[in-house]
Amino acid sequence: MNQPFPSPVTIPLNQILPQEPLLLMGAGPVPIPAAVAQANGVVINHLGDTMNQVIAGLKQMARYAFQTGNEVVMGVAGPASAAMEMGVTNLLWPGRKALVLENGTFSARMGSMAEAVGAEVDRLKFPEPSMIDIEQVKAALAKKQYDVVTLVQGETSCGIHNANLPEIVALCKAHGALVVVDAVVTLTTMPLWMDQWKIDVCISGGQKGISSIPGVSLIAFSKEAWEVIEGRSGSMPHWCLDARKAYRFWGFQQYHYTAPVPGILALYEALRLICEETLQKRFERHKKSSEALQAGIEAMGLELFVPKEYRLNSVVAISIPKGVDGYQIRKLMATKFNVEIAGAFGLDILRIGQMGEQCRSHNVFKTLYAMGMSFKQAGFAVNLAAGMAALEEGLGADIYNYVP
Ligand SMILES: Cc1ncc(COP(=O)(O)O)c(C=O)c1O
């Protein structure tokens with residue numbers, strides 16, 4: 001008889017996890033409300049009346065988040081990158097042309113996805129940190145007819161807000177292209193009007209502004225985009241990410257694959273809390289919290305990486321002063337203060353998230369204090385008191401407490 005491999009030595013999870021989990025103040029995932037965590041611990045059948053009710057409610061709430069009346073709104077079992085891949089690859093195939101507007105890691109990722117399915121891809125690259133230059137987009141559209149244009153609303157990798165998104169979408173639509181927008185970091189943190197701006201495909205992840213768990217994402221298609229997908233002939237290179245197949249489950253309650261039930265329930269609860277708060281109040285909370293944090297950072301004597309006109313509020317990028325080791329700052333913050341912030345992909349910046357539950361006064365105060373103290377302990381003089389005072393003034397009387 002074959003000898004089985006010996007059983008490995010195992011360590012219970014509670015011996016691996018830190019005593020007090022780190023406060024997640026990086027670029028995502030973010031802390032989740034108790035109701036979301038509770039929902040994430042429940043498994044029910046992924047088909048049947050109970051799930052049908054959940055799916056119907058989730059789609060209705062997702063339409064509110066995207067500000068769309070479009071019929072085809074779906075969850076995607078996978079990271080936000082899977083939703084991006086669904087959006088990009090269902091609209092592109094060999095012979096189709098895509099223009100990729102690139103000003104950071106995530107906008108570039110959509111270009112790689114388009115290339116992977118054999119589309120003809122042109123990339124317009126804008127140096128980090130800069131916003132998409134609409135004149136260059138105009139010039140590119142004048143030279144060639146594109147089927148699809150892709151861009152991000154917020155570029156998490158360097159903290160840029162493509163504030164001219166509505167104008168870019170209008171321009172691309174006037175040229176007859178479908179527009180795919182990555183709103184992964186921005187959805188529910190700042191205004192995004194899918195229908196009003198005529199966006200064709202809009203994508204978001206669960207783990208950022210929505211404050212749900214990573215691994216279940218959202219996507220919405222315009223009628224025009226969905227007609228292209230439905231009219232597509234030939235085989236799809238993806239099976240799980242085939243939007244038509246996925247819509248069997250999300251539109252008609254039929255089996256596609258076993259859906260990620262706990263993640264869907266968590267997303268339902270996260271969206272419910274958003275609807276309860278209302279988008280308007282949520283946008284205000286994010287803006288106020290992020291701007292107060294930015295004022296605190298500057299008052300401390302540190303510099304923000306992105307100019308105000310196109311600075312992203314959802315993820316704030318801070319330039320690392322000469323002679324300071326960003327990794328050491330993050331390490332000190334994590335080990336001494338239990339606060340985690342993000343580094344970056346090759347840029348000399350630190351990033352603090354301002355998404356969903358991160359925009360609570362007690363979290364922001366703790367983070368700024370931890371960062372100031374860590375700079376001091378690393379030997380770099382900052383004016384911590386001035387920073388904390390500016391944060392307090394910025395938040396004013398609005399104390400954004402935790403909503404269970
Ligand atoms: C703007 C943006 N797009 C896409 C992604 C990819 O998300 P995921 O890591 O869930 O695939 C991220 C993640 O940080 C993001 O910030």
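Start by selecting K138 and E135: their side chains meet in a salt bridge, 3.4 Å from N to O (a salt bridge here is a side-chain nitrogen of Lys or Arg within 4 Å of a carboxyl oxygen of Asp or Glu). Before moving on, note that this is a predicted model, where local features need pLDDT of at least 70, side-chain atom pairs count only at pLDDT 80 or more, and totals for chains, interfaces and linings use all residues. Residues are numbered from 1 along each chain as its sequence is written, and side-chain values use heavy atoms, with hydrogens and water left out.

Now show helix α6 (residues 134–143): K138 and E135 are three residues apart in it, so about one helical turn separates them. Helices (H or I, at least four residues) and strands (E, at least two) are DSSP runs, numbered from the N terminus. K138 is partly exposed at 38% relative accessible area, and E135 is partly exposed at 48%. Buried means under 20%, exposed over 50%, and partly exposed in between, with a 1.4 Å probe and protein chains only.

Next, pick R123. R123 and E115 meet at 3.1 Å, N to O. Colour them by accessibility: E102 is buried at 10%, R123 is partly exposed at 27%, and E115 is partly exposed at 39%.

Zoom out to the sheet. Seven strands form an open, mixed sheet in the order β2-β10-β9-β8-β5-β3-β4; two strands pair if DSSP finds at least two bridges between them. At the edges stand β2 (73–77) and β4 (120–125), each with a single partner strand, so one side of each has no neighbour in the sheet.

Select β5 (residues 148–152) and β8 (residues 178–182), which pair in the parallel sense over five bridges. Look for V149, standing opposite V179 in β8.

Last stop: I16, in helix α1 (residues 13–16). Is I16 buried or exposed? I16 is exposed, at 53% relative accessible area.
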